[in-house]
Amino acid sequence: MRLLVCGGAGFIGSTFVRLRLREHGDQVTVLDKLTYAGRRENLHDVLSELRFIEGAIEDPDAVADALAGCEAIVNFAAETHVDRSIAEPVTFTITNMQGTHTLLEAARDRGLRYVQVSTDEVYGSIAQGSFTESSPLQPSSPYSATKSGADLLVSSYFHTYGLEAMICRGSNNYGPYQHPEKLIPLMILNALAGDRLPVYGDGLNVRNWLFAEDFGGGVGHVLAHGVPGEAYNCGGPDECDNLAVVRRIVELTGAEESLIEYVPDRPGHDRRYSLSSEKLRALGWEPRTRFDQGLARTVEWYRKNAWWWEPVRSGAYREYYERHYGRALKG
Ligand code: NAD
Ligand code: TYD
């Protein structure tokens with residue numbers, strides 16, 4: 001296929017691009033604004049095999065330029081960090097909602113197939129059982145609210161204009177190339193450096209962990225086999241509370257457990273996410289990587305790829321880290 005992958009220089013987008021080039025032989029154009037989270041280094045081994053356009057999804061000219069010759073759009077581009085959405089929410093509305101709207105207009109004009117990459121966070125928190133695609137959208141954070149708004153726009157373009165649009169909602173991803181602001185890489189890199197490990201609240205919030213390559217496969221499945229107008233959940237095989245995740249990282253890195261430090265909870269912190277993925281499994285998808293195996297691979301990757309994370313950890317991220325954790329962490 002000739003694909004436009006928006007946000008292809010981010011964590012999951014770059015994983016998806018690699019999969020499409022290596023396993024499907026697609027022609028790929030990446031459109032990415034290269035925010036703090038997007039880096040050409042995420043595509044270092046495949047950059048010469050794709051067309052790269054630096055630009056924003058909310059810019060119709062950049063989108064038109066990027067779309068030349070493409071048959072379908074897969075949209076990973078987003079502001080993605082819940083904590084940043086609490087501190088600075090408006091950027092989230094612009095990228096996640098206005099950006100998605102701009103892409104939908106471009107897809108409508110050209111009659112293109114469209115996949116919106118979304119999240120389990122649109123459903124809010126669930127104490128027991130798992131969300132299905134017909135569960136109501138009850139987002140808690142500005143991040144998940146803007147992702148929900150985008151999902152509703154996508155559905156409206158199917159109902160109103162007959163756009164061939166699908167939504168794929170993933171659970172928490174982890175794996176190589178994830179920005180160190182997120183739980184797993186933050187804990188791995190802090191543990192390797194002997195820095196403190198800041199656990200929010202009581203550490204018993206539960207997430208449904210999905211290896212990014214498996215999510216890339218799920219999004220590809222929806223692109224190939226999804227029915228227009230439908231949403232598909234794509235959940236990981238294992239659930240785990242945060243404290244158990246951090247303790248496992250402590251074991252895998254050989255760090256001291258005493259580095260774990262409880263810090264004040266995130267406002268509006270969802271207690272548990274859990275997805276039922278039966279609908280996507282019925283299309284033939286299944287996750288291949290169990291959490292324990294994927295986490296060990298991820299720790300190994302961060303150990304071996306300091307060239308990738310050293311510049312991130314020493315740059316603007318340091319200021320963010322000080323601002324966000326400085327007062328909460330003792331000492
Ligand atoms: P990320 O933050 O690593 O990457 C986002 C990418 O989007 C970056 O390359 C960034 O430069 C780009 N981008 C941001 N604003 C842009 C704009 N206005 N125009 C063009 N490009 C822009 O995010 P990720 O973790 O790879 O997530 C990718 C997608 O998957 C997002 O839509 C996210 O909501 C969804 N998702 C993420 C997870 C997760 O656990 N990380 C889980 C489920 C769904
Ligand atoms: P995160 O990686 O930010 O993903 P999300 O909020 O989208 O689920 O956080 C995963 C979980 O880890 C969440 O319950 C918040 C928690 N967390 C911490 O306890 N400490 C941290 O420093 C971070 C970044 C997250």
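Biologist: Which residues of α5 are buried?

Modeller: This is a predicted model, in which local features need pLDDT of at least 70, side-chain atom pairs count only at pLDDT 80 or more, and totals for chains, interfaces and linings use all residues. Residues are numbered from 1 along each chain as its sequence is written, and side-chain values use heavy atoms, without hydrogens and water. Buried means under 20% relative accessible area, exposed over 50%, and partly exposed in between (1.4 Å probe, protein chains only). The buried residues of α5 are Tyr143, Ser144, Thr146, Lys147, Ser148, Gly149, Ala150, Asp151, Leu153, Val154 and Tyr157.

Biologist: What covers the buried residues of α5?

Modeller: Helices (H or I, at least four residues) and strands (E, at least two) are DSSP runs, numbered from the N terminus. The cover includes α3 (82-87), α4 (90-110), β5 (113-119) and β6 (165-170).

Biologist: With what is serine 148 in contact, leaving aside its neighbours within four places in sequence?

Modeller: Contact means heavy atoms within 4.5 Å. Serine 148, in helix α5, is in contact with Val122, Leu137 and Pro139 beyond those neighbours. Its relative accessible area is 4%.

Biologist: Which residues touch the most other members of the largest nonpolar core?

Modeller: A nonpolar core is a set of buried Ala, Val, Leu, Ile, Met, Phe, Trp, Tyr and Cys residues joined through side-chain atoms within 4.5 Å. Among the 67 residues here, they are Leu50, Val74, Ile184 and Val219. Helix α6 (residues 183-193) gives the largest share, 6 residues.

Definitions and conventions:
Chains lettered and ligands numbered in written order.
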